[in-house]
Amino acid sequence: MNLSKTTAPVRLCIALAVLLFALAAQAQTPATPAPALPASAPPAAVSAAPQAPVTTGSNAAPGDDGSNLVIKVRTTEVNLIFTVTDKHTNQAIKNLQQQNFGLLDDGKPPVRVINFTQQTNLPLRVGLMLDTSSSVRERFHFEQEAATEFLLEMLGRQDRAFVEGFDVSIDVAQDFTGNIDKLSQGIQKLRPGGGTALYDALYKTCRDQLLPLQSQEPTRRAIILVSDGDDIYSHALESDAIKMCQRADTIVYAVSTNTGPSRDKGDDVLKRVTEATGGETFYPERIEDVATGFDSIRDELRSQYSLEYEPADFKFDGAFRTIYLTAINPRYVVHVHNGYFAKKLPE
């Protein structure tokens, strides 16, 4: 996260979060299954932790008074999946500890850290989105070959991926599968031609393919977007696409097809989308270097950290909550989405 553009109060809050977060990490012992509450946390922050609502119903086991009691716990835990890179070399940084980070959720340190994992082994769910508009026709073959090699080397036994092309519409060439042959065949079936509706494609892909996964087993969700970032025909706005990615808890990585030493406005679009969702954009200078971008993405996906915590003053209102996660070492850059939408209670 780039802190150079933040205001002085925000930087002060983040500095405080670093201190509190580090103190919480140092208070842990190997025999403790979960990190202790920050001993130095302000009393208001700890006491503001939401309590699990209790409701009654008719399908529960009888209580001591003979009544039927149903306990429904609405969890508030947040699980952040993020990566860390060196700002000078852009190499992924591994083996950092909880005390190496500072965190603010909606402007406040977390009530408690539940779990911190240096390298998460959650199953991976990847959407490979290839821009098939006419503007990428000359370089499309290189993209296909690099994408196939990426999936071959990336996917493990529990991982699944899908393949789609997009121009003004979406062509899901292969739905979720762990079969590399089927994924490769899906990639090879795609053909370039037509205009570009990037925001529509991102919005619909996250809504239809990735958002439904939230009700299933815990997974890491990512989109690998290969595009020049241009958009001419979308009905959705850039902000709509970003919000849907955030609702689907999906990280977007992008490989720009605008090869050359300079960048255009399409590259700026890719950067905004990836930074808002916790990913990164890679800019090959030659079309032959597209594979290098895929290699960098593969390295980051293999180096992801997992941080599960309970936020302070959580409300089940569906509102957007900002996240500031930073590394104490200024040489390191943390790649994490800039916020999430709180769960909303059914009406």
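Q: What should I know about the numbering and the model before I start?
A: Residues are numbered from 1 along each chain as its sequence is written, and side-chain values use heavy atoms, with hydrogens and water left out. This is a predicted model, where local features need pLDDT of at least 70 and side-chain atom pairs count only at pLDDT 80 or more, while totals for chains, interfaces and linings use all residues.

Q: In what order do the strands of the three-stranded open sheet come?
A: Strands of a sheet pair through backbone hydrogen bonds, either parallel or antiparallel. Here the order is β2-β11-β13, with antiparallel pairing. The edges are β2 (101-105) and β13 (339-341), each pairing on one side only. On average, neighbouring strands of this sheet are turned by 20° against each other, direction ignored. For the terms: strands (E, at least two residues) and helices (H or I, at least four) are DSSP runs numbered from the N terminus, and two strands pair if DSSP finds at least two bridges between them. Axes are lines fitted to C-alpha atoms, for helices over the stretch in contact, and angles run from 0 to 180 degrees between N-to-C directions.

Q: How many bridges join β2 to β11?
A: Five, with β2 running antiparallel to β11 (residues 320-327). Phe101 has Ala327 as its bridge partner in β11.

Q: Which strands form a hairpin with three residues between them?
A: That's β5 and β6. Strand β5 (residues 160-166) pairs with β6 (residues 170-177) in the antiparallel sense over five bridges, and Val163 stands opposite Gln174 in β6.

Q: How many disulfides does the structure hold?
A: A disulfide is a pair of cysteine sulfur atoms within 2.5 Å. The structure holds zero. Cys206 is in no disulfide; its nearest cysteine sulfur, that of Cys245, is 3.2 Å away, which is too far for a bond.

Q: Are those two cysteines buried or exposed?
A: Buried means under 20% relative accessible area, exposed means over 50%, and partly exposed lies in between (1.4 Å probe, protein chains only). Cys206 is buried at 0%, and Cys245 is buried at 0% too.

Q: Which residues form the nonpolar patch on the surface?
A: Val168, Ile232 and Tyr233, with about 330 Å² of accessible area together. Patch residues have over 30% relative accessible area and no salt bridge, with nonpolar side chains (Val, Leu, Ile, Met, Phe, Trp, Tyr) joined within 5 Å and like charges within 9 Å. A salt bridge is a side-chain nitrogen of Lys or Arg within 4 Å of a carboxyl oxygen of Asp or Glu. Areas come from the Shrake-Rupley method with a 1.4 Å probe; for residues, only the protein chains shown count as cover. Tyr233 is partly exposed at 47% and is found in the loop between β7 (220-227) and α6 (238-247).
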